[in-house]
Amino acid sequence: MDMRAIASKLGLVASKPLIRKAEELRRLSDVHFDSSIIGVGEVCKAIICLEIAASKFQVIFNRKGAIQMSGMSEKAYMRSFNAMQNSLGVKLTLDVRELAIQFGCVRLIPFVQKGLSLYKERFLAALLASRRANTDFNRPVFTAVAFYLCAKRHKLKVDKSKLIEVCGTSDSEFGNVSTSMKDLCFDVFGITKEKKDAKSVKGNRELLDVLPGKRKHEDESGFSSDDSSVDDEPDLDLPTYKRQKQVEKKAYEEWKSSVLSSNKNIRTGLF
């Protein structure tokens with residue numbers, strides 16, 4: 001398929017310099033890279049070249065549409081993208097200033113630069129010396145995540161989906177880098193009163209239910225928590241739903257016993 005036809009389907013037909021760059025990259029890939037080794041077809045190769053060119057020109061690229069057009073899964077597409085990028089010797093970079101201008105958040109520039117510098121320093125300090133040389137912080141995803149977290153901290157609205165498309169990464173990678181940055185540099189990127197995930201809260205509750213000795217219990221008689229801890233009640237070692245079943249069963253047995261006893265007394269009175 002012609003490069004211009006593919007660009008048209010991805011909404012890039014208006015950018016002629018971008019298309020020329022993509023065509024140049026495809027010619028280079030034909031010389032330096034045997035795409036058939038990793039199962040990359042001609043259409044997918046053209047799409048990847050368009051994405052690399054779009055990143056160089058700071059043009060938003062529709063990755064979801066590109067993946068659908070390539071006929072590959074997201075993981076397979078990312079592997080092919082990285083393989084072609086490395087073979088072509090292309091290093092995609094994302095400038096903080098250009099990003100700030102594009103999203104209208106110029107005042108974030110010093111905060112993003114400071115945060116990135118601190119993150120690199122702390123990340124490298126946690127690595128073994130033998131692994132530090134292989135660490136690459138020049139990838140666009142690091143700049144994009146730092147920019148997004150700073151914007152969130154300063155209560156500025158930034159379109160996350162658009163940012164992910166600009167830096168040419170995936171949702172999962174963006175999320176992983178975001179978690180890493182918040183863990184290592186919470187003082188720069190973290191938010192004190194951040195809403196907890198409902199699934200996480202539910203998971204913690206279930207975990208506390210199945211781990212004895214982690215919760216204190218007040219019974220209906222009004223005993224203090226010191227006198228009614230989980231360690232003092234062997235029945236509380238069970239999960240909540242099992243304890244409830246036991247309570248219901250015990251109540252039923254007591255009711256049944258009282259009914260039988262009452263019937264027995266009635267019979268005795270009759271005879």
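Student: Which word describes Lys 155, buried or exposed?
Tutor: In this predicted model, local features need pLDDT of at least 70 and side-chain atom pairs count only at pLDDT 80 or more, while totals for chains, interfaces and linings use all residues. Residues are numbered from 1 along each chain as its sequence is written, and side-chain values use heavy atoms, with hydrogens and water left out. A residue is buried under 20% relative accessible area, exposed over 50% and partly exposed in between (1.4 Å probe, protein chains only). Lys 155 has a relative accessible area of 77%, so the word that applies is exposed.

Student: Where does Lys 155 lie, and what is its phi?
Tutor: Helices (H or I, at least four residues) and strands (E, at least two) are DSSP runs, numbered from the N terminus. By that numbering, Lys 155 falls in the loop between H9 and H10. Although Lys 155 is not a glycine, its phi is positive, at about 60°.

Student: How many helices and strands does the protein chain have?
Tutor: From the N terminus on, the elements run α-α-α-α-α-α-α-α-α-α-α-α-α-α. The count for the protein chain is therefore 14 helices and 0 strands.

Student: Which part of the 271 residues is buried, and which part of the contacts joins residues at least 24 apart?
Tutor: Buried residues account for 35% of the 271 residues in the protein chain. A contact means heavy atoms within 4.5 Å. Among contacts between residues at least 6 apart in sequence, those joining residues at least 24 apart make up 66%.

Student: Within what arc do the buried residues of H2 fall?
Tutor: The buried residues in H2 are Leu 18, Ile 19, Ala 22, Leu 25, Arg 26 and Ser 29. The arc is that of the directions from the helix axis to the C-beta atoms. Seen down the axis, these residues line one face of H2, because they fall within an arc of 120°.

Student: How far apart are the C-alpha atoms of Glu 24 and Cys 49?
Tutor: Glu 24 belongs to helix H2 and is partly exposed, with a relative accessible area of 33%. Glu 24 and Cys 49 are 25 residues apart in sequence, and their C-alpha atoms are apart by 8.6 Å.

Student: How far is Phe 33 from Leu 88, by C-alpha atoms?
Tutor: Phe 33 lies in the loop between H2 and H3 and is buried, at a relative accessible area of 13%. Phe 33 and Leu 88 are 55 residues apart along the chain, and the separation of their C-alpha atoms is 7.7 Å.

Student: At what angle do H9 and H11 pack?
Tutor: Axes are lines fitted to C-alpha atoms, for helices over the stretch in contact, and angles run from 0 to 180 degrees between N-to-C directions. The axes of helix H9 (residues 140-153) and helix H11 (residues 171-184) are 9 Å apart, and the packing angle is about 65°.

Student: Which residues does Thr 143 contact, beyond its neighbours within four places in sequence?
Tutor: Thr 143 is also placed in helix H9 and is buried, with a relative accessible area of 8%. Beyond those neighbours, its contacts are Leu 94, Val 96, Leu 99, Val 112 and Leu 116.

Student: Which residues does Cys 105 touch, not counting those up to four places away in sequence?
Tutor: Cys 105 sits in the loop between helix H6 (96-103) and helix H7 (109-125), and it counts as buried at 5% relative accessibility. Its C-alpha atom is separated by 8.7 Å from that of Val 158, 53 residues apart along the chain. The residues that Cys 105 touches are Ala 100, Phe 147, Leu 156 and Val 158.

Student: Which helices do the buried residues of H10 pack against?
Tutor: In helix H10 (residues 160-167), Leu 163, Ile 164, Val 166 and Cys 167 are buried. These residues fall within an arc of 160° seen down the axis, so they line one face of H10. The helices that they pack against are H6, H9 and H11.
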